[in-house]
Amino acid sequence: MTGDHLQISLSLLRTMKRIRFVEETIAARYSEQKMRCPTHLSIGQEGVAAGVCLALNPDDQVFGTHRSHAHYIAKGGNLKAMVAEIYGKATGCSSGKGGSMHLVDLSVGFMGSTSIVGNTIPVGVGAALAHQLHRNGKVSCVFFGDAAVEEGVFHESANFAVVRKLPVLFVCENNLYSVYSPLTVRQPEGREIWQFVAGYGMPSVHGDGNDVWDVYHKTRTALEHIRSGAGPSFLEFATYRWREHCGPNFDNDLGYRTEAEYLHWKQRDPIALFETQVTAQGVIEPIDIQAVEKTIQMEVDEAFQFAETSPFPNPEETFKGVYRE
């Protein structure tokens, strides 16, 4: 085992644990009615954000979705600022004006997330064009779900990126559902997303989103292609959200998915799978995992205390930084 392997393993573990702990705390405290915005949790999907963002360079840029707590945290976003934003406080990363779905931290290259499906795809491609023109070596990484590839803007953006050989990484987190609608009622039977995207002329790969090592290594390979100047790459990772589309609860009782399906995916918990792997290999000892968890729990507790005690925005600041005609 090399020192690099240990550090990468610890980084992946810390990131996934940090995402899981903060989102479970959000779920536990959401009923207090202090977080007055919709919130989309990515519990169960932590492996994709952790693996992709660790492979990126610090100055690469990430563009998120409505379910972007994981992306924000994995890119190095400030935990206190994120929780404060969800509480609508002035110390939030968007000054308390954006809430859960509109996070931003330019200092770490997290360029923003949005509630509109597919909305950040053309923005990320536009940023990639700017990187190309400035020859700054940066890559734009755009996260989106399986439903976003049904939007016309994805196809236009993918085609443009290939034609211009732009430094953009498209990352599709395929969690099987668009709210309550499965792939079977939205896309042709037997069609694989990564395969039809390959038709645009870019390398397209399918991976296991719950195997964080698979995510990390496939992302590294894709980034090597992009940084060589050969153009964009597309990664589709199979994963699964445990909780409801929007909110802190479980919704298997609604009937759009079965309890058996949920339990199947829960057995493939990306964090549990990774812990089993690294402890069996002797890379990380159980006592080290406990130490990581203790530190992260303290960070999460401090973040929520910070959010609770932070002030609300001054009403006079309502329209500051907000575009209006």
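**Entry 1: the strands**

I began with strand S3 (residues 140–145), which pairs with strand S4 in the parallel sense over six bridges. I count two strands as paired if DSSP finds at least two bridges between them. The helices (H or I, at least four residues) and strands (E, at least two) in these notes are DSSP runs, numbered from the N terminus. I note that this is a predicted model, in which local features need pLDDT of at least 70 and side-chain atom pairs count only at pLDDT 80 or more, while totals for chains, interfaces and linings use all residues. Residues are numbered from 1 along each chain as its sequence is written, and side-chain values use heavy atoms, with hydrogens and water left out.

Within this pairing, I found Ser140 opposite Val168 of S4. I then followed the chain from S3 through helix H6 (residues 152–164) to S4, and these elements make a right-handed β-α-β unit. Right-handed here means that, with the strands pointing away from the viewer, the path from the first strand over the helix to the second runs clockwise.

I next asked how many residues of S4 are buried. Seven of the seven are, so S4 is largely enclosed by the rest of the structure. I use buried for under 20% relative accessible area, exposed for over 50%, and partly exposed for values in between (1.4 Å probe, protein chains only). Both faces of the strand are covered: one side carries Val168, Phe170, Cys172 and Asn174, the other Leu169, Val171 and Glu173, and all are buried.

**Entry 2: strand S8**

S4 (residues 168–174) pairs with S8 in the parallel sense over six bridges. Along this pairing, Leu169 has Ser233 as its bridge partner, and Asn174 has Ala238. Strand S7 (residues 204–208) also pairs with S8 in the parallel sense, over five bridges, and there Ser204 stands opposite Phe234.

S7, helix H8 (residues 212–230) and S8 form a right-handed β-α-β unit.

**Entry 3: Ser9**

I located Ser9 in helix H1 (residues 3–29). Is Ser9 buried or exposed? It is buried, with a relative accessible area of 0%. Leaving aside residues up to four places away in sequence, I list Trp213, Phe274, Val278, Val283 and Ile284 as residues that Ser9 touches; contact means heavy atoms within 4.5 Å.

**Entry 4: salt bridges**

The structure holds 15 salt bridges, each being a side-chain nitrogen of Lys or Arg within 4 Å of a carboxyl oxygen of Asp or Glu. I examined several of them.

Lys17 and Glu293 meet through their side chains at 2.5 Å, N to O. Lys17 lies in helix H1 and Glu293 in helix H11 (residues 286–309), so the pair ties together parts that are 276 residues apart in sequence. Lys17 is buried, at 6% relative accessible area, whereas Glu293 is partly exposed at 26%.

Asp269 forms a salt bridge with Arg20, and their closest N and O atoms are 2.9 Å apart. This pair links distant parts of the chain, with Asp269 in the loop between H9 and helix H10 (270–280) and Arg20 in helix H1, 249 residues apart. I found both Asp269 and Arg20 buried.

For Glu317 and Lys320, the closest N and O atoms of the salt bridge are 3.8 Å apart. Glu317 counts as partly exposed at 34% relative accessibility, and Lys320 is exposed at 59%. I also recorded a network of salt bridges that links Arg29, Glu32, Lys34 and Glu308.

**Entry 5: a nonpolar patch**

Finally, I asked which residues form a nonpolar patch on the surface. They are Val179, Tyr180 and Leu254, with about 280 Å² of accessible area together. A patch is made of residues with over 30% relative accessible area and no salt bridge, like charges being joined within 9 Å and nonpolar side chains (Val, Leu, Ile, Met, Phe, Trp, Tyr) within 5 Å. The areas come from the Shrake-Rupley method with a 1.4 Å probe, and for residues only the protein chains shown count as cover. Leu254 is found in the loop between S8 and helix H9 (259–266), and it is exposed, with a relative accessible area of 53%.
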